[in-house]
Amino acid sequence: MSEILHSRIIGSGTPLIILHGFLGMSDNWKTLGAKYAENGYETHLIDQRNHGKSFHSQNFNYDLLSDDLKRYIEHHTLGKICIIGHSMGGKTAMQFACDHTELTEKLIVADISPKYYPPHHHDIINGLRALDFEKIKSRGDADAELSKFLSDFGTRQFLLKNLFWAEKGKLALRFNLPVLSTKMEEIGENISATAQFGGPTLFLKGDVSEYVAETDLPEIKRHFPLAKIDTIENAGHWVHAANPTQFFEKSLAFMNS
């Protein structure tokens, strides 16, 4: 029996799956997830493999992440779903929608394109690898150590959400750092060259993010012929965190249309 992804399920109504980005977890979407639930969606906040409380595995690529999602949907007998994915989660969502058009009602991709991105998380990985949990005894200790590698407070806080007490007096990180740190090429991979989803698709990009460029449009349209692209104002890559109100309004309007 293959393992089923861990999730937090809120509300009832139309099934909506939300997928976090690299080194994130379902908890990142808790506030927005509750808002979708208040508006008629049974919201499934997913931990992808090697993240959050989901299973750890040596294997990690978008085909597997798409398969994990299909198993999850079958396990919960959800039928057709709406799906929102951010960054790495957006790649999973794109691959899934193309693999399983019969299960995908609407697709929303947050600040990522279906193209290859060179590995660019080296500072983060180096900082996380430097955390020595024999010596680190608090979130403050961990933050002080990470700050030697990462100057941005918001990025450090995002990463440190993954801290938990693995046992009495011993902190650890929820994500599978040994595997993820060796899979940087996979995380940047584009979706399958022939993949296509012909259903309603919305790309929401941050106006100050460099992840989705004008030049990506032909590639987006090749995979997603009905795709619309909209911009979230005053937002970098973390579009849903930087401007949650606008992200919620635009995504909900699209799902309800």
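Which angle do the axes of helix H1 and helix H11 cross at, and how close do they come? I looked this up, and the axes of H1 (residues 30-38) and H11 (residues 244-256) come within 11 Å and cross at roughly 35 degrees, the axes being lines fitted to C-alpha atoms over the stretch in contact, with angles running from 0 to 180 degrees between N-to-C directions. I note that the model is predicted, that local features need pLDDT of at least 70 and side-chain atom pairs pLDDT 80 or more, while totals for chains, interfaces and linings use all residues. Residues are numbered from 1 along each chain as its sequence is written, and side-chain values use heavy atoms, with hydrogens and water left out.

On the H1 side I found Leu32, Lys35 and Tyr36, and on the H11 side Pro244, Phe247, Phe248, Ser251, Leu252 and Met255, contact meaning heavy atoms within 4.5 Å. By class, this contact has seven nonpolar, one polar and one charged residues.

**Cavity.** The volume of the largest cavity is about 40 Å³, a volume being the space filled by probe spheres set on the points. Its lining consists of Leu5, Leu19, Gln48, Arg49, Leu65, Asp68, Leu69 and Thr92, and helix H2 (residues 62-75) gives the most to it, with three residues.

**Salt bridge.** Two of these lining residues, Asp68 and Arg49, also meet through their side chains in a salt bridge at 2.7 Å, N to O, the term requiring a side-chain nitrogen of Lys or Arg within 4 Å of a carboxyl oxygen of Asp or Glu. Asp68 lies in H2 and Arg49 in the loop between strand S3 (41-46) and H2, 19 residues apart. In the whole structure I count twelve salt bridges.

**Pockets.** The largest pocket holds about 490 Å³ of space, a pocket being an open set with protein on both sides within 12 Å along at least five of seven lines. Of its 29 lining residues, His120, His121, Ile124, Tyr211 and His237 lie nearest its centre, and H6 gives the most to the lining, with four residues.

The second largest pocket holds about 390 Å³, and Asn28, Trp29, Lys161, His240 and Ala241 are the closest to its centre among 17 lining residues. Here H1 gives the most, with four residues.

How values were computed:
Helix = DSSP H or I, 4+ residues; strand = E, 2+ residues; numbered from the N terminus. Nonpolar A, V, L, I, M, F, W, Y, C, P; charged D, E, K, R; others polar. 1 Å grid on protein atoms, 1.4 Å probe; cavity = no way out; pocket = protein on both sides within 12 Å on 5 of 7 lines; lining within 4 Å.
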